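Here is a short report on the contacts in this model. It covers strand pairing, the chain contact and the DNA.

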2 protein chains.
Amino acid sequence: MANIKEIARLAGVSVSTVSRVLNDHPYVSAEKRARVLETVEQLKYARNMNAVHLITGKTRSIAIMLPYINHAYFSRLTEGIGGEALANHYRLVLYQTAYKTSMEREVLEMLRNREVDGIIILSMSTPVAVIEEYCRYGPILCCQDAGERAFSSIYIDHARAFRAGMDCLINKGHRHFGFTVGRMDSPSTKSRLEAYKKVLKELNEPFREEWIMDGCLDIEDGASIMQRFQNMPERPTAMMVTGDQVAAGLLWEAGKRGVSVPGQLAIIGFDNQPVSKLLGLTTIDNRLFEMGAEAFRILYRQIREPDSGPVRKELAFRLIERSSV
Amino acid sequence: MANIKEIARLAGVSVSTVSRVLNDHPYVSAEKRARVLETVEQLKYARNMNAVHLITGKTRSIAIMLPYINHAYFSRLTEGIGGEALANHYRLVLYQTAYKTSMEREVLEMLRNREVDGIIILSMSTPVAVIEEYCRYGPILCCQDAGERAFSSIYIDHARAFRAGMDCLINKGHRHFGFTVGRMDSPSTKSRLEAYKKVLKELNEPFREEWIMDGCLDIEDGASIMQRFQNMPERPTAMMVTGDQVAAGLLWEAGKRGVSVPGQLAIIGFDNQPVSKLLGLTTIDNRLFEMGAEAFRILYRQIREPDSGPVRKELAFRLIERSSV
DNA sequence: TTGTAAGCGTTATCAG
DNA sequence: CTGATAACGCTTACAA
């Protein structure tokens, strides 16, 4: 397959001139430029990007570390990243980790191996200290609050968001609420738990472990909540549900079992997914699309200006009140 | 940053020996191997994969051409591809095209530019003839039936699947059905339309254009179907709905408006997504996950054996009858 | 079993 | 404006 050398030979110029034309550099005579372009066309020449990547030390691609590809939360975030990335001619390398640290390590290694120019972490179970070790190899951004770190982060204040939801419920007269979480040991769960306990204390309500429901990721997990309720001597009158899919499952199953929403059970979801609008689900919009887009912008700046320090950015959430509270 | 040459110097061996150790080649003495490994460890050496890609002519990554990242159908398919790809140390480069041919062209160009070893097309609007032109640069696989082509394909028989759904409805006594489509000019829509018209002829029913509803992609589009019904002098008693998300929207909105399912309206969805199980939606499982996994396997074989011809593979669909018919 | 040296296809440098 | 020529960091004949 034709390479730059052959183009040079056929066009009667040097390889440097060909390279200049290919990269739109100035200081090439119109005549030579035309000749090169014509030869490129004739030979149907295509650049070997791997050579470009090697010499420039850049790949124009970033890795996305995420546990599950097929999950509304991560899809929406990825969509936001993707739009901005494509607009800047950057490629997305998706890496599904299932929260396995060995898999997550492989993503980090891609940065070290120069396969990508940067990493955006949507969620992880690797300790932050490990992530920080890799910052020397290139910019890393985490879509969760990780405190002051060597890597950037963009996030919403989960504690405040959770608090906003609870306040909304309290205003409606609720005192007994439970909540669902995806993983018990995620940072956002920890923030929420803290906010939760604080509110209980203020209300002088006891902490009931069984009202915190772990492992709720998809619509079916939401439906199973109603099942769990059955074995409880006392049930919450309101649920904060992380993820509108899960909330939708709960809402549907409640309806099926004749439990009126919000009469007997109030529900607040998270993410403002399309399903929440349809079902009239009150939800906390954590701006996933904007977060993804902004995540790329921050990372991109760091790729271009490697000496600029890490960035922390908080996005404002929004409580969208509909008919489920 | 350390390179192979420096490792060689410090370990007191040649670069080829280092390379052999790095690639687990035989014919390296245990002693030298140990020395190399130790030096690698000491210097925290990391391979520059771009150099490897350049010299080997392979990148161990494939591109995924898809219109929308954040869509249950494509997410599920991508998940299937991703599992198999990762198991074989292949990376997924996601490219969201929004069905713009210029974007789709960029994906194809990635193959020509050696940025990826192959392409899996989930859906496209580019003519097949254009795709075929790019087959010379590497293997391409399309997750839709495109007939006998220079590229591979894996698919279910949409006409037969559609027919199976209609037969199920006919058995329940329906004669008036409509259906939804994502895009009017997709190949699967064409197959379905054909099957549809054939059935109408058999039943001696007239073709009603307004019963075919275009642009139905997400849950909200499903809900809007009920709206469209209102202006119709005559309504279908059953709907075939491409995509369980859309079907879920329709089902929900029907319930809200007091239209009983399946009494007044029978619904069959597609894809067997989790939501369909929860809602008791009859659906046609088109095996998206398996399709994705198998798609990668086929492509991978073609990458390893470039002379093996294109493969066509049909997957068996399954009608899963639940309570919406 | 090991080392030398020739690439892979670009871009960057520097002299003209 | 243009062209030699030196990198970039690795794999792989080929020779020893």
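Two strands pair if DSSP finds at least two bridges between them. Helices (H or I, at least four residues) and strands (E, at least two) are DSSP runs, numbered from the N terminus. Strand β2 (residues 91–96) of chain A pairs with β2(B) in the antiparallel sense, over three bridges. A:Leu94 has B:Leu92 as its bridge partner in β2(B).

This is a predicted model: local features need pLDDT of at least 70, side-chain atom pairs count only at pLDDT 80 or more, and totals for chains, interfaces and linings use all residues. Residues are numbered from 1 along each chain as its sequence is written, while chains are lettered from A and ligands numbered from 1 in the order in which they are written.

Next, the chain contact. Residues are in contact if their C-beta atoms, placed from the backbone, lie within 7 Å. On that basis, 38 residues of chain B touch 38 residues of chain A. On the chain B side, α4, α5 (72–87), β2 (91–96), α10 (219–230), α11 (244–256) and α12 (274–279) each give two or more residues. α5(B) has the largest share, six residues.

Now the DNA. A residue is near a strand if its C-beta atom, placed from the backbone, lies within 6 Å of it. DNA strand C is surrounded by 27 residues; among the closest are A:Ile4, A:Ser19 and B:Ser29. α4(A) gives the most to this surface, five residues.

Definitions and conventions: Two residues are in contact if their C-beta atoms, placed from the backbone, lie within 7 Å.
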